[in-house]
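Hello,

Here is the structure I promised to pass on to you. Have a look at it first, and then read on for what turned up.

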Amino acid sequence: MRTTTKQNLAVELVPGVQIPLIGLGTWPLLGEDAAAAVSRAIANGYRHIDTAENYANESDVGEGIRRSGIDRGQLFLTTKFNTRWHSRTGVREAFVKATRRLGTEYLDLFLIHWPNPAQGKFVEACEALQQLMDEGCIRAWGVSNFKPAHLRHVQAAGLRIPLNQVQVDPERGQPDQLSYHAGQGILTSAYSPLGRNGSFLNHPAITVPALELGKTPAQIVLRWHVQHGRVAIPKSADHRRQRANLDVFSFALTQPQLEAIDALETGAPPRLDSDTYFH
Ligand SMILES: NC(=O)c1ccc[n+]([C@@H]2O[C@H](COP(=O)([O-])OP(=O)(O)OC[C@H]3O[C@@H](n4cnc5c(N)ncnc54)[C@H](OP(=O)(O)O)[C@@H]3O)[C@@H](O)[C@H]2O)c1
């Protein structure tokens, strides 16, 4: 189900919970830079903010939210926890600590940041997240950097996974990962959606439609993400780029334009391998 607000098209994440398709990424912002970027983004129309325990900026993000004066209910707030909390009691403790740092009573989305399969406790962590959701502490839960093999373990425990946040950009399209998500009804959230200002922003598959539509290359790439039904969380601390990155709901790419961007796919895996990397 889709809610069409011009600035912030949203999709249903779990019944009754809408997630805005464009959110503000906050890594690697710290301290006053993070607080200022978050309050600026909210003033610029952002209603979805992404942070994590590991970014060490949750209290600054919370300060930015308070400074903006926005009603908490108008905002979709995501954070993630580290693998040391992968247990029934640990996830609950991670929730208490995260909400305290953020200065909020609840979370809209709480994610397992990395599966850490060697530790082998991510299924227990998912069960604990589902429990927090059933109790109303969080509105939805999800995972991040989970490969299909990890997702299958969680599903084998009888859980439905609402969302997986993974690295996706035009050159790292992760076709196998995304087709698994599509087949299983798992919403994809794309991190590093601009490839950290990647060189593909200069490719004609992106610059030509940008010229034709009077948009920036980054807007074309973000439009490509949302037109594929993905959430994208570009990070920008800059007023002008923040506004531009959110302004992707008033134009559309044609099927050939979408396919030309799809064709930039190189087969490159994500920067970090979640079978071995974790924090
Ligand atoms: N789950 C995970 O494991 C994971 C991993 C990495 C990141 N993330 C999340 O995803 C968010 C975004 O990913 P990311 O920061 O790695 O990469 P990104 O959003 O693809 O790129 C951010 C970089 O691009 C620049 N930029 C932003 N808008 C632009 C525009 N319109 N035109 C040109 N350059 C632009 C930014 O600079 P300015 O600030 O100067 O605009 C910044 O240097 C992070 O902030 C974090 O919240 C999650």
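Which residue forms a salt bridge with R66, and how far apart are the closest N and O atoms? The partner is E63, at 3.7 Å; a salt bridge here is a side-chain nitrogen of Lys or Arg within 4 Å of a carboxyl oxygen of Asp or Glu. R66 and E63 are about one helical turn apart because they lie three residues from each other in helix α2 (residues 58–68). By the same rule, the count of salt bridges comes to 13.

A word on the source: this is a predicted model, in which local features need pLDDT of at least 70 and side-chain atom pairs count only at pLDDT 80 or more, while totals for chains, interfaces and linings use all residues. Residues are numbered from 1 along each chain as its sequence is written, and side-chain values use heavy atoms, with hydrogens and water left out.

- a polar side-chain atom of R241, at 2.6 Å
- a side-chain N or O atom of D50, at 2.8 Å
- a backbone N or O atom of W27, at 3.0 Å

Taken alone, the ligand exposes 900 Å², and the protein buries 86% of that (Shrake-Rupley method, 1.4 Å probe).

W27 has another feature: a cis peptide bond joins W27 to P28, with omega about 5°. Most peptide bonds are trans.

Enjoy exploring it!

Note on methods:
A polar contact is a pair of N or O atoms within 3.5 Å; within protein, one must be able to donate a hydrogen and the other to accept it, and residues adjacent in sequence count only if both atoms are side-chain atoms. Helices (H or I, at least four residues) and strands (E, at least two) are DSSP runs, numbered from the N terminus.
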